[in-house]
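Morning, everyone. I have one structure to walk through today. Please keep the sequence and the model in view as I talk.

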Amino acid sequence: MIAAARVMILSLLRDRAALSMAFALPPLVFIIFATIFVSATGSELRLHVGLLDIVRTGSSQRLVAALAAEPGIRLTMRTDATLDDLRALVRGGVVDVGVAIQSDLETRAGEGLPPILVVEDAARALAVPIVIGHVQRAINEHMPDVALGRILADVETAGAITKEERAFLDQAFKTQAQDRQGAGFGFAALFSREAATKVGVAGGPVAYYAGAIAAVFLLFAAMQGAATLVEERQSGIFERLMIAPSGLAKLALGKFIFLVGQGMVQAAIIFGFAWLLYDVDVGGTVSAWLVSCVLVAAMAASVSLALCSLCSSIHQVQLLSSFGVLLLSAIGGSMVPRLPHAGVAPADQLVHAECLGH
Amino acid sequence: MTTVRSSPAMDTRLSRTKQTELCVAKVDGAVLTIGGRPVLNGATLSLLQGEIYVLLGPNGSGKTSLVRALCGQLPLVRGRVGVGVALEDPRQNRRVLRLIGHVPQSIAIFPRLTVRENLEVFSRFLNVDTSCGAINRLLDVALLDSVADSIVVTLSGGLQRRVNLAVALIGEPQLLLLDEPTVGIDLEARSAIHHVLSDLRDRGRTILMITHDFDQAERLGDRIGFMSAGRIILEGRPADVLRQTFGDKKQIEVVLTDGVDDRIDAEFRSVGLEPVDGRFLWRGLADETLGTSKILQMLQSSQVPLRGVRIREPGLDVLFGQVTGCCTP
């Protein structure tokens, strides 16, 4: 058992390419992810929106100003463009979503075109509801008079209020809109946010990506390490060890111990970088982190060894490795593999361990 | 199976070795199928202490399966396998596997470890004590002292083969099973392995070696066995089986620079020559005196486009072709 682990350690130490892949690549990928998804853009996805104000009314210009102030989107304004130009921008991938204000926002429902047209790219389907959410929030927060005015128009049509009452309320809304800096009414305080997993509290999403990258690399590295089983079977080492008492069992157990150790070191390096570069606090939850790390590494090692024992060639291992990690990532959610195990999502534990207690 | 007995006068090798009649491994009427295909079909073999037994046979004749059956790796349908003085079945008593050292056909060692590390690691797998200079003794026996601390992957093919052999010597097994131990290496490296094997035989080890190298079999083997279709069809001492099969016959080989017409073709066949490689190489067996002179006269009189004629003692390659029906180079 110790002999098998020794073989794995020495083989890894003497293969510089494999060594750097195992221990230098994970922190590098982590830094890239952290930079792209966290440092560069903050904690929210910043969509690129092409905005076209066709009607240029007072309310449409207020909406343009409100959207320009939205931190969650990046606007590209086209003043002299047409709707076709906006469609071309979306089609060409210049912007994620196009938003055209094609009729006055105070127009009643059913009278002409809906005020806002969203031009979408089928390849960016998720961007549409996000942008619609931003637009609705901008209207609710910055133009509550317009939002309420549209509702009142419908209420008036239904006969629930008179024209005089409607005129009175319209005037009240306008006054309110002018006094927005005061304690005016609106929908701004409708939502508050809370992270159940506490991601974003200690070091923000960096901790999440540290755990996610660690989980991915633990699986990849475990598959690569377990692939030596196939090489050893092909080279005749299995045949040789079948003569030895419990030779194959010792070999498998030694590999398991090595893979768990390798996984621990990989996770430690990634979280070490997270601590050094992004102030992710590992020390406060070190015991939870350690337990989770052992569990995830052990499960990655056992799954990898089991899969590799079924493969008859390295090619099969590579295919299975890519497919397996992608599948587990898809099951667990983007970039967070979820190992199949009753009632727990162990790969997530690396992520959660960082967040426990904060 | 035909067993050829040696005549005392011819048995020069016997006096050189420590061979006794003590049987250390036996396969008796082994029948084995893999995936419904018969692999061993009544194979019978006895290995005596201190001998090198060379197993020859075409690919797929069951040689490797016979070795694996001896290691207890394959369950027999019929027959029995026994290893050790008590001839115990390795599938029933795994402890007898300690008596076996197995050298697979491929180089079954860890490539990124040094020679010494490989020996240490395999010793631990085999639960063999490595104290008291056991590793150094192995390095010495396998002539690997000078490269003991070299990483295996940096060594030549011949040295890697010797490491492969040295690993099988861990625990000083009585019986060594070698599956083509010299395949793909040069003459010098092969000679070094021959030296190691001869030395082991002289120390009383029993060696069963599979090879396709007839020269190696003839020079190294105390006994040879020809295997075909899962059975050993002929065995004995190399000189005995050759003499018994060919007597005083010589092999005559005719190499032409051009093809021959139908008349000469018929003449060649009438004196026992057969085309081997297209129509340019012809071979045949002929009586030492009458036969060879008749062929030489025919070649002279028919004025064939002759490049050369070679007359030699028929070797194991010729015997192999005869007993297995396979062509030899």
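Disulfides, then: how many are there over all chains? The count is 0, where a disulfide is a pair of cysteine sulfur atoms within 2.5 Å. Take Cys308(A), which is in no disulfide. Its nearest cysteine sulfur belongs to Cys311(A), 5.5 Å away. Is Cys308(A) buried or exposed? Cys308(A) is buried, at 0% relative accessible area. Buried here means under 20% relative accessible area, exposed over 50%, and partly exposed in between, with a 1.4 Å probe and protein chains only. Over in the other chain, Cys71(B) is buried as well, at 1%.

Some ground rules. This is a predicted model: local features need pLDDT of at least 70, side-chain atom pairs count only at pLDDT 80 or more, and totals for chains, interfaces and linings use all residues. Residues are numbered from 1 along each chain as its sequence is written, chains are lettered from A and ligands numbered from 1 in the order written, and side-chain values use heavy atoms, with hydrogens and water left out.

On confidence, pLDDT is the predictor's confidence in each residue, from 0 to 100. Chain B has a mean pLDDT of 86. In that chain, 92% of residues reach 70 or more. Where does the pLDDT of chain B fall below 50? That happens over residues 7-18. Beyond near neighbours in sequence, the stretch still has 24 contacts in the model, a contact being heavy atoms within 4.5 Å. For the complex, the predictor gives an ipTM of 0.72 and a pTM of 0.69.

Chain A next. It has 15 helices and 4 strands. Both are DSSP runs numbered from the N terminus: helices are H or I, at least four residues, and strands are E, at least two. Of its 358 residues, 44% count as buried. Now take contacts in chain A between residues at least 6 apart in sequence: 75% of them join residues at least 24 apart.

Now the cores. A nonpolar core is a set of buried Ala, Val, Leu, Ile, Met, Phe, Trp, Tyr and Cys residues joined through side-chain atoms within 4.5 Å. The largest has 111 residues. Phe30(A), Leu197(B) and Leu316(B) have the most contacts inside it. Helix H9 of chain A, residues 205-226, gives the largest share of this core, 13 residues. Apart from this core lies another, of 30 residues, including Ile243(A) and Leu32(B). Back to Phe30(A): leaving aside neighbours within four places in sequence, its contacts include Val206(A), Tyr209(A), Ile213(A) and Phe273(A).

Aromatics. Over all chains there are 7 aromatic pairs. Rings of Phe, Tyr and Trp (its six-membered ring) pair if their centres lie within 6.5 Å; planes under 30 degrees apart are stacked, over 60 edge-to-face, and the rest tilted. Phe271(A) and Trp289(A) pair edge-to-face, 5.7 Å centre to centre, with 75 degrees between the planes. Phe271(A) sits in helix H12 and Trp289(A) in helix H13 of chain A, so the pair ties together parts 18 residues apart in sequence. Phe271(A) is buried, at 2%. Trp289(A) counts as buried too, at 7%. In chain B, ring pairs link Phe110(B), Phe122(B) and Phe125(B) into a cluster.

Last stop, helix H2 of chain B, residues 63-70. Why is it largely enclosed by the rest of the structure? Because 6 of its 8 residues are buried. Among them are Lys63(B), Leu66(B) and Leu70(B). Gly72(B) follows this helix, with a positive phi near 75 degrees.
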